[in-house]
Amino acid sequence: MSETAVHKKPYFRRLAEAVFVDLYRQFRWSYLPPLMVYFAAGISGLTAIVGTFFVKEYLGLSAAFLAGLTFWAGIPWALKMPMGHLVDLIWRWKGALIFLGAGLVTASLMIMFALIAYTDDMVAIMPISAWYVLSVLLAPSGYVIQDSVADAMSVEAVPRHALDGTPLGEAETKALHTAMQTLGRIALIGGLVFVASLNIFMFAGVEEMSQDDKAAVYARIYLTALAIPAISVSGVFLASVMKARRRRELRRRGMSAEEIDAAVDRPVGKVEANWWYFIGGGLFVALTLLVGLSNIAFSQEIVFAGSMAIVLVLMRQLIAALDKAHARALIGTAIIIFVFRAVPLPGAGATWFSIDVLGFDQQFLSVLSLIASMLTLAGMIILRPLIATKTITDIVVLLTIAAGVLSLPNIGLYYGLHHWTGPLTGGVVDARFIALIDTAIESPLGQIAMIPMLAWIAKNAPFELKATFFAVMASFTNLALSASSLLTKYLNQIFVVTREVRDRATGEIVTSADYGSLGWLLIVVAVTSVAAPLITIAIVQLTVFHTEE
């Protein structure tokens with residue numbers, strides 16, 4: 001069909017073809033195994049809401065402590081550096097790491113189940129807060145292992161040749177890698193949609209239950225979450241079955257063993273181990289254990305600074321494999337993405353306010369989660385042509401401005417916006433309505449920023465170092481989340497927000513609720529979230545690290 005004929009099609013038909021038909025055409029069944037691992041990661045959100053209420057109802061931990069705990073929970077993601085390189089080294093046996101990650105996730109879930117179902121027995125061994133911290137640290141350790149393997153599987157899943165054996169062109173290869181990375185995010189968000197729907201069902205009527213009945217629901221959710229490791233392990237089995245079937249088909253066509261290996265396996269020779277990654281990983285573990293167990297002042301800051309130094313050294317080693325232009329573009333992109341992800345969040349206090357003051361219960365928070373997940377899923381599909389055609393800086397600018405605008409309803413809810421809009425609209429635009437609309441508009445934006453960089457790495461990184469590139473760049477950008485946790489902790493120490501905590505035995509109030517500082521906290525977070533990324537983009541684009549990718 002000629003280009004003129006294409007442009008004669010109605011606009012919405014062309015848009016639908018670009019969004020849905022093109023994505024369908026680029027789907028390959030080889031994508032399914034890594035998508036199952038990503039889907040399992042999305043299902044991990046099943047325990048997010050129950051975890052929030054568990055902390056609120058069972059533990060007396062402060063918002064600042066929880067922000068600090070989030071920092072420590074994010075640190076294992078820095079281990080994607082040696083883990084990714086290990087995947088490159090043991091490429092043919094990388095599936096075994098999925099089983100290791102599944103074991104750690106299972107242990108985390110079973111700890112939380114036992115804490116709720118057999119509280120007295122668990123407390124007899126260790127304090128309940130210590131068990132909770134252990135569970136929080138085990139889960140990301142398992143997910144980072146599985147994510148490292150899934151990244152490698154996503155590269156392996158993209159075909160290099162057409163069905164007739166001819167090599168694919170650069171444009172088609174880029175489109176397939178973008179489609180694979182988009183589908184990976186879709187699978188992740190699809191998992192969130194699934195568990196949000198399940199949470200609505202499982203939390204039905206929970207606000208009217210006794211504490212014992214609530215505990216039974218919480219425990220059942222953690223048992224249901226055991227499907228997470230089961231699905232990821234099933235993805236590995238499916239990959240093995242599909243690869244074996246492909247080998248049998250090629251064998252029936254009369255291809256030799258060498259030709260089959262070249263068609264099915266990664267087209268590189270033996271990968272030489274770069275011990276910098278393992279030395280850096282070892283130093284990171286040693287630093288974390290030494291500082292974390294010594295209980296010295298500024299332990300989180302020391303671990304963050306040390307981790308950042310190690311990651312930067314390893315990044316310098318890695319980008320040496322790229323030409324100068326690509327290396328500079330990657331550095332500039334990484335800096336922009338880092339700052340975009342490093343902005344602070346309000347912390348747990350905002351959630352406590354929505355529960356205690358606005359009256360949001362478990363089921364309504366599940367509804368918000370479902371809406372956010374479904375619209376994120378739709379937004380990623382609909383905005384895929386934008387991702388494929390616009391630069392990373394354009395996308396980050398769009399997301400930053402949108403995030404700033406969409407922070408206003410939450411600030412308005414704190415200052416009583418719903419008290420004005422409710423009577424004005426006959427009770428229609430109340431706090432829950434505003435929360436629903438804000439979630440509906442905001443949700444498609446947050447997961448988009450990483451897709452262009454992942455597609456860039458999948459396309460431009462040397463094939464024998466794909467998993468290593470994914471891992472090191474992910475470690476750098478995930479350290480941004482650790483920086484975000486630190487900034488969140490600092491803001492929560494300045495603007496102190498407390499919830500009501502009662503002694504579970506006597507019912508006496510141990511800590512009174514105080515949300516007086518939450519308004520300023522929300523304002524400072526909103527201003528920082530807009531100013532920091534935009535200033536960073538302006539500075540980077542004036543240097544040699546500017547990017548047009």
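**View 1. Arg 220 in helix H11 of a predicted model.** Arg 220 is partly exposed, at a relative accessible area of 44%; here buried means under 20% relative accessible area, exposed over 50%, and partly exposed in between (1.4 Å probe, protein chains only). Its place is helix H11, residues 211-224, where helices (H or I, at least four residues) and strands (E, at least two) are DSSP runs numbered from the N terminus. Arg 220 and Ala 117 are 103 residues apart along the chain, and their C-alpha atoms are separated by 9.2 Å. A word on conventions: residues are numbered from 1 along each chain as its sequence is written, and side-chain values use heavy atoms, with hydrogens and water left out. Since this is a predicted model, local features need pLDDT of at least 70 and side-chain atom pairs count only at pLDDT 80 or more, while totals for chains, interfaces and linings use all residues.

**View 2. Gln 146 and its partner Ser 232.** Helix H9 (residues 128-157) holds Gln 146, which counts as buried because its relative accessibility is 4%. Which side chain makes a polar contact with that of Gln 146? The side chain of Ser 232 does, at 2.9 Å. A polar contact is a pair of N or O atoms within 3.5 Å; within protein, one must be able to donate a hydrogen and the other to accept it, and residues adjacent in sequence count only if both atoms are side-chain atoms. Leaving aside neighbours within four places in sequence, Gln 146 is in contact (heavy atoms within 4.5 Å) with Val 37, Ile 98, Gly 101, Ala 102 and Ser 232.

**View 3. The salt bridge of Lys 489 and Glu 301.** The structure holds one salt bridge, defined as a side-chain nitrogen of Lys or Arg within 4 Å of a carboxyl oxygen of Asp or Glu. The side chains of Lys 489 and Glu 301 form it, at 3.5 Å from N to O. Lys 489 lies in helix H25 (residues 466-494) and Glu 301 in helix H15 (residues 299-319), so the pair ties together parts that are 188 residues apart in sequence. Is Lys 489 buried or exposed? At 12% relative accessibility, Lys 489 counts as buried.

View 4. Look for Ala 513 in the loop between strand S2 (509-511) and H26. With 42% relative accessibility, Ala 513 counts as partly exposed. Not counting residues up to four places away in sequence, Ala 513 touches Thr 498, Arg 499 and Glu 500. Phe 353 is 160 residues from Ala 513 in sequence, yet the two are 9.3 Å apart in space, C-alpha to C-alpha.

View 5. The 23 residues of helix H26 (residues 518-540) reach 33 Å from first C-alpha to last, close to the 33 Å expected at 1.5 Å a residue; the expected span is 1.5 Å times one less than the number of residues. Among the buried residues of H26 are Leu 518, Leu 521, Leu 522, Val 525, Pro 533 and Val 540.
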